[in-house]
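Please look through the structure shown here with attention to its sheet architecture and its pocket. The briefing is meant to be read alongside the coordinates.

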Amino acid sequence: MRLVITKDYDEMTEWSARYIKKRIIDFKPGPNHYFVLGLPTGSTPLGIYKKLVKFVKTKELSFKYVITFNMDEYVGLPRDHPESYHSYMWNNFFKHIDIEPNNVHILDGNATDLVHECNEFERAIKESGGIELFVGGIGPDGHIAFNEPGSSLVSRTRVKTLAQDTIIANARFFDNDITKVPTSALTVGVGTVMDAREVLILISGTSKAYALHMAIEEGVNHMWTVSAFQNHSRFLCVCDEDATMELKVKTVRYFKGLMSVHSQLINGNDHSSLLHTEN
Amino acid sequence: MTIYRFRNCTLMRNHALIIDDLWIRHGKIIDPEKIFFDEKIQADIEYDCQGVLIAPGYIDLQINGAFGHDFSSPNEVNENILIDVARKLTSHGVTAFLPTIVSSSIDTYKILLPKYKRQVGSAKDGATILGIHIEGPFLNEDKRGAHRTDFLRESPHGIEDLLSCYGSFDNVSIVTIAPEIPNMIENVIPILIEKYGLIVSIGHSMASLDIGERAICSGARFITHLFNAMLPFHHRDPGLVGLLTSHRLPATIVIHYGLIVDGIHTHSAAVRLAHRVHPQGLVLVTDAVPALGLPDGIYRMGADEIVVEKKRATIAGTQTLCGSIASLAECVQNMRQALLDGEINKSNEKKIFDDKDKNKFIVESIEAATVHPASVLHIENQKGTLSFGADADFILLDDKLNVLSTFIAGEQAWTVNDKWLINNLHIKSYQ
């Protein structure tokens with residue numbers, strides 16, 4: 001894996017946004033050669049979406065030939081509910097950029113046949129040629145998307161019942177009324193994300209520090225599903241100083257020492273050579 | 001149907017100024033999120049609004065005439081006059097109005113009322129004609145203002161007297177009456193509301209607060225030009241002005257009141273007083289006379305000669321004001337200035353104008369000419385708002401709230417100069 005350690009949240013989102021931008025530009029997407037991007041929701045990626053929007057407004061980046069697949073969506077929540085992930089993606093990202101609506105895929109939590117919806121999502125990913133870069137965050141319990149502790153590490157897109165902790169944590173978005181919080185969600189599986197050609201995980205803040213430790217310094221374990229990416233050939237993890245609080249000094253020093261190499265990922269002119277080293 | 005997207009603008013929406021795009025289709029404001037996820041299409045034509053403010057079009061509930069035309073004068077071409085005014089009012093940012101008829105003879109009502117039909121607005125025909133505002137003749141003689149005494153009437157037989165006076169309420173939206181006239185509260189007001197679906201406004205009245213409250217309880221919901229043609233506020237008998245803070249009315253009732261903020265008819269301190277006490281009820285009206293919109297000069301209006309000079313209209317040879325000639329756009333600007341003036345002496349330190357202050361009182365002033373008048377007519381979901389599903393009647397304003405362009409049903413009806421012509425705002429190629 002590559003671990004990029006930045007100073008704070010702002011630097012983390014700046015680095016990550018510039019990485020995503022460079023990845024898309026270097027790929028040279030076109031009408032027959034779409035860049036397929038996996039996207040997260042939540043508070044961590046907000047800063048990245050803001051910065052990507054800025055790149056689009058200054059015409060440094062275009063999403064015209066980008067296809068997106070979101071990680072998850074609540075079951076049973078009206079699509080126009082302010083807390084639905086459709087609303088989140090529209091308000092924070094899609095309404096500000098030049099992406100074609102037909103190239104946007106978000107799971108439909110109100111589909112009459114949820115299993116069929118999940119299977120169709122997997123099929124759509126396959127038809128698009130597979131995901132080039134999957135961006136995600138991590139929960140304090142080390143989960144990726146809604147793959148709560150105990151999720152199969154080879155799971156595919158499916159319905160998951162939310163853990164009680166997750167429901168309590170989400171109540172703050174639903175007038176602090178626990179009865180209003182959705183109890184299940186559709187989510188990509190760990191296996192689905194593993195199929196992506198590259199995985200970028202963003203980790204910010206002390207509340208995620210222990211999860212980061214379990215994800216990269218301990219073994220692969222379905223109780224900490226992000227740890228599955230230790231088996232991915234291109235796992236890029238970007239975090240800030242606060243998130244390293246539970247890591248060994250040795251780990252932090254090693255990866256900080258590589259920063260000059262890592263910075264070429266966003267600055268370098270030669271786009272392909274560096275991408276297969278240091279993993 | 002073509003989808004239009006207005007970009008690079010600030011919208012007045014949900015009681016705030018927000019940076020967002022305005023999407024229009026088929027003359028209505030649409031929700032782009034639904035278009036994106038349901039229809040999966042993009043806008044067909046995009047416009048760059050150069051960073052201006054977009055507000056709902058203004059609505060005038062009381063206007064007696066404009067551009068030399070008098071709504072209360074029978075004429076062979078009253079219908080043409082109405083359309084001419086409707087078209088020219090777009091230059092004031094007005095996209096809907098109620099032609100107002102002052103106290104007149106039965107014959108006049110017979111001729112005029114059928115002619116002023118409701119009309120959906122368009123770029124071609126101008127502002128929407130929402131209905132007629134009949135101001136009088138059932139008014140109190142002591143507070144008749146400029147109304148002619150010989151046309152004033154009473155209602156000893158209740159609603160029958162109104163029917164025989166007006167003939168029909170078909171094209172009428174608002175009726176202004178003095179509630180102390182016998183039978184008004186007990187008989188007339190409830191019937192006007194329940195049977196004829198009208199909005200009842202009280203004005204030109206000597207009513208005490210008690211009578212005013214009873215009028216509201218019997219269904220009246222609007223006060224015609226507050227402060228004018230009514231008893232002044234007195235601390236032991238607040239009169240109709242006291243309705244703004246009456247404790248004897250159900251909390252669910254919102255009483256709206258017209259206010260003429262032409263800089264002349266209402267002192268700015270009175271504007272601030274009313275606004276501080278009951279901001280949600282404030283409705284800006286022009287109560288304009290036919291000289292509105294005419295350049296400085298001398299004009300003949302009926303039997304009078306009027307002098308229009310520097311925003312005042314006086315009777316020739318006198319200093320007597322003969323009505324308001326401030327456009328609704330100017331009233332909005334005057335209201336904002338009155339509210340700003342009230343802030344200047346509030347703190348001892350010099351206030352540095354930051355971004356938040358730059359937009360102070362813009363929302364309140366615009367709402368007084370948009371969503372508030374729409375609420376009086378119960379059409380606040382359709383007019384006076386930029387909410388999804390509403391009619392696409394909107395205006396472009398600069399930061400001093402000067403009207404730059406007016407759109408009705410999504411089409412450009414007026415522009416101050418070529419810079420704001422829709423074709424010049426068109427974003428030709430989109431990278």
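Predicted model: local features only at pLDDT ≥ 70, side-chain atom pairs only at ≥ 80, totals over all residues.

In chain A an open sheet of 7 strands can be traced, while the largest pocket has a volume of about 1200 Å³.

**Annotated region of chain A**
- An unreviewed UniProt entry lists residues 11–230 of chain A as "domain: Glucosamine/galactosamine-6-phosphate isomerase".

**Sheet of chain A**
- The 7 strands of the open sheet in chain A run in the order S1-S10-S9-S6-S2-S3-S5, with parallel pairing.
- At the edges of this sheet stand strand S1 (2–6) and strand S5 (104–105) of chain A, each of which has a single partner strand, so that one side of each is left without a neighbour in the sheet.
- Strand S6 (residues 133–136) and strand S9 (residues 199–203) of chain A pair in the parallel sense over 3 bridges, and A:Val135 stands opposite A:Leu200 in S9(A).

**Largest pocket**
- The lining of the largest pocket consists of 43 residues, of which B:Asp70, B:Val102, B:Ala146, B:Val289 and B:Cys322 lie nearest the centre of the pocket.
- Strand S10 (69–70), strand S19 (297–301) and strand S20 (304–309) of chain B are the elements that give two or more residues to this lining.
- Sorted by class, the lining of the largest pocket holds 16 nonpolar, 19 polar and 8 charged residues.

Note on methods:
Residues numbered from 1 in each chain as written. Chains lettered and ligands numbered in written order. Heavy atoms only, no water. 1 Å grid on protein atoms, 1.4 Å probe; cavity = no way out; pocket = protein on both sides within 12 Å on 5 of 7 lines; lining within 4 Å. Points joined across faces, edges and corners; volume = space filled by probe spheres on them. Helix = DSSP H or I, 4+ residues; strand = E, 2+ residues; numbered from the N terminus. Nonpolar A, V, L, I, M, F, W, Y, C, P; charged D, E, K, R; others polar. Pairing = 2+ DSSP bridges. UniProt positions renumbered as here; feature names shortened; annotations may be inferred.
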